[in-house]
Amino acid sequence: MLVQDRAVPKSPKRPQIRTLPTLQQGRFAEPKNLDFSTWVSENFYRIITIFVLISTIAAVFFLYTSTNTASLLCLQSQTQHAIDSISLPQLKWNSIKPIADKTSPYANFRSEQWVVVSVSNYPSDALKKMVKVKGWQVLAIGNSRTPRDWSLKGAIFLSLDMQANLGFRVVDHLPYDSYVRKSVGYLFAIQHGAKKIFDADDRGEIIDNDLGKHFDVELVGEGARQEVILQYSHDNPNRTVINPYIHFGQRSVWPRGLPLENVGEIGHEEFYTEVFGGKQFIQQGISNGLPDVDSVFYFTRKSRLEAFDIRFDEHAPKVALPQGMMVPLNSFNTIYHSSAFWALMLPVSVSTMASDVLRGYWGQRLLWEIGGYVVVYPATVHRYDRIEAYPFSEEKDLHVNVGRLIKFLVSWRSNKHRLFEKILELSYAMAEEGFWTEQDVRFTAAWLQDLLAVGYQQPRLMSLELDRPRANIGHGDRKDFIPQKLPSVHLAVEETGTVSYEIGNLIRWRKNFGNVVLIMFCSGPVERTALEWRLLYGRIFKTVFILSAQKNSDLAVEEGQLDQIYKHLPKIFDRFSSADGFLFLEDDTILNYWNLLQADKTKLWIADKVSMSWTTASTNGNSDWYSKQADMVKKVVSTMPVHFQVNYKEVVRSDQSLTICSSEIFYIPRRFVADFVDLVNLVGHLEIHQKVAIPMFFLSMDLPQNFDSVLRKMVYKQDLPSTNSSSTYYSAQAPAVHPWKVSSEQEFIKLIRIMAEGDPLLMELV
């Protein structure tokens with residue numbers, strides 16, 4: 001490379017003389033200065049240009065050859081920086097000013113029961129029906145997609161402008177085009193006297209227009225159902241989430257928000273436990289038609305371009321979740337009682353398809369802190385499938401994070417001493433773990449302040465049982481229920497088989513009554529019905545022993561007179577000395593054996609709680625028959641051993657009264673057989689009528705408060721309807737139905753078909 005001297009100006013070129021001496025002299029002309037510092041100085045700009053070029057090539061090569069791991073580390077570094085910047089809001093709980101409704105036309109309106117629904121279109125048919133549900137006020141929450149002229153008679157509508165003027169802090173955090181604006185509606189309802197809030201959507205029709213049909217709308221007071229509730233067993237501490245659809249007959253369907261790794265758990269419960277009602281502050285209903293399913297189910301189970309119409313078992317009992325176990329909750333079919341109003345907050349930093357599910361798990365964990373629990377109920381609404389796209393992209397958070405979220409929530413603990421402090425702390429912890437962002441931490445702070453501002457009183461904390469040793473579940477604490485298996489779709493193939501469920505029930509009934517003898521008295525023609533009765537009840541009981549006014553050796557029917565049939569029972573007791581007990585039944589009474597499983601087989605059963613069957617008559621002024629029966633009863637009572645006499649006289653304290661029971665159905669357990677035989681022997685040859693003797697025996701053997709009350713709900717009419725059709729009042733939910741006429745094979749077939757509602761396998765007999 002030729003280096004020129006830029007310090008000396010060049011002289012004009014002269015013509016060279018091509019003579020040798022001249023050339024030789026030119027070779028030894030004064031040389032240039034080539035030291036390093038001078039070279040750098042003269043070529044500074046070229047060096048800079050070359051350096052930049054080399055750096056650019058190196059950078060391109062590095063980026064080209066760098067791996068995704070390096071990029072991920074960079075992203076993680078940025079995420080960690082974002083987490084480090086999250087701050088826990090410091091709230092002054094005692095200085096929050098009240099917020100009163102001063103702008104809406106409903107400032108003075110109050111209601112205890114509200115339906116809160118988000119609306120984006122004109123009122124749907126379902127919503128038009130919803131406003132007619134008795135005792136509930138519908139509150140419709142608008143968004144940016146809602147028509148400006150939206151209106152529905154009977155509903156309160158809050159437009160975006162009205163929401164902005166209510167003064168709630170949460171408004172500043174809510175998107176304009178989302179259903180999560182329902183948070184404003186919840187606060188508005190609480191501000192206007194809400195004690196219960198039904199979280200709904202505008203496409204679900206309430207079954208029978210009655211929210212109280214399955215839900216427990218009242219938890220205290222006269223309207224409350226004071227009953228124990230089946231509860232999932234806490235026997236397995238590692239089981240933290242369940243699919244409630246299995247309990248209600250759909251094993252291959254799962255709810256939106258169930259971790260996909262749990263979808264394959266389709267077996268029914270080995271056993272249940274029980275919990276007392278009254279603290280089911282969150283009540284999740286199931287939907288027929290299109291239940292709350294995710295996009296994975298929706299797109300893999302639809303065999304054709306037709307709407308889903310999935311049905312659930314409406315007769316399955318409601319079921320509770322113990323502490324440590326969770327269930328997916330949604331925002332379109334759930335009742336919240338006032339003690340859980342704080343759990344209505346819908347997070348805003350996650351997708352709309354994930355918001356209510358994350359809220360549900362978050363709320364369930366905090367519900368344990370106040371001793372509350374979630375209960376899942378049979379179908380309460382029907383949603384029609386519109387056959388529209390399900391946004392899988394908005395569910396990705398669920399499928400990726402929900403399993404991890406459940407594990408986190410179950411293990412989370414807090415030392416705070418007030419519920420709202422725990423709520424804020426958990427929201428902060430969930431942001432730290434990346435389940436939602438700092439936006440929801442700030443939103444939680446605004447939500448809690450608004451709750452206090454509208455007059456909500458935070459519930460008191462109760463001791464958490466998660467860290468205590470789990471109580472052992474004894475045999476007596478185990479409750480059986482075999483879920484029905486209803487037709488559904490499995491990988492786009494329709495499931496229609498229910499045999500496993502039906503056979504399972506038959507086995508369960510047989511196991512329960514397999515050592516109980518059924519004694520029937522037939523007043524009708526036994527040659528037409530004896531075999532049918534054995535066919536019907538012989539599947540369940542140890543044997544069916546038939547008595548009738550006329551003996552029939554060919555049909556193994558023995559003779560007995562109904563008026564004093566009790567005198568024949570001791571001989572039957574002797575024949576079956578190993579039986580657990582004996583159930584007496586007249587052929588004019590139908591036994592729904594599937595409703596007797598919870599009865600105690602060691603106690604006496606009789607219809608003493610059925611007013612039409614069990615009566616007390618005064619002997620004063622009555623016919624000679626009553627007086628003669630009363631005299632014979634006095635005679636027998638006077639000869640009774642002390643323990644019989646004391647029991648009887650504690651209940652019947654007047655000699656002028658006579659207890660009468662129709663005695664179409666009663667049960668004697670093994671431990672009372674000897675007492676019954678002794679009492680029959682005391683009667684001897686006295687002609688005490690069956691309707692008088694049986695109640696006398698029962699009141700002597702034990703006190704009425706010790707009888708099992710399983711028969712108290714039996715359907716009892718004194719006479720057949722004028723239409724001669726018993727089917728008008730038959731109920732498969734009753735333990736027994738009286739009266740019923742079966743005197744021919746045709747009438748027996750009618751009976752079988754109607755009883756198949758409770759025992760579908762009976763249809764195999766006709």
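**Labels and cut-offs**

Ile-197 is in contact (heavy atoms within 4.5 Å) with Trp-114, Val-116, Tyr-186, Ala-189, Ile-190, Thr-334, Ile-335, Tyr-336, Phe-341 and Leu-344, leaving aside its neighbours within four places in sequence. This is a predicted model, where local features need pLDDT of at least 70, side-chain atom pairs count only at pLDDT 80 or more, and totals for chains, interfaces and linings use all residues. Residues are numbered from 1 along each chain as its sequence is written, and side-chain values use heavy atoms, with hydrogens and water left out.

Q: Which residues touch the most other members of the largest nonpolar core?
A: Ile-197 and Trp-342 do, in a core of 107 residues. Helix H11 (residues 419-432) gives the largest share, nine residues. Another core, of 51 residues, lies apart from it; among its members are Phe-513, Ala-530, Tyr-537 and Tyr-716.

Q: What makes a set of residues a nonpolar core?
A: Its members are buried Ala, Val, Leu, Ile, Met, Phe, Trp, Tyr and Cys residues, joined through side-chain atoms within 4.5 Å.

Q: Why is Gly-560 called buried?
A: Buried means under 20% relative accessible area (1.4 Å probe, protein chains only). Gly-560 has 2% relative accessibility, so the label is buried.

Q: Where is Gly-560, and what does Gly-560 touch?
A: Gly-560 is in the loop between strand E16 (557-559) and helix H15 (569-575). Helices (H or I, at least four residues) and strands (E, at least two) are DSSP runs, numbered from the N terminus. Not counting residues up to four places away in sequence, Gly-560 touches Phe-521, Ser-548, Ala-549, Ile-565 and His-568. Ser-548 is twelve residues from Gly-560 in sequence, and their C-alpha atoms are 5.6 Å apart.

Q: Why is Thr-615 called partly exposed?
A: Exposed means over 50%, and partly exposed lies between that and the buried range. Thr-615 has a relative accessible area of 34%, so Thr-615 is partly exposed.

Q: What makes E18 and E23 edge strands?
A: Strand E18 (590-591) and strand E23 (715-716) each pair on one side only. The open sheet runs E18-E24-E23, with mixed pairing.

Technical notes
Two strands pair if DSSP finds at least two bridges between them.
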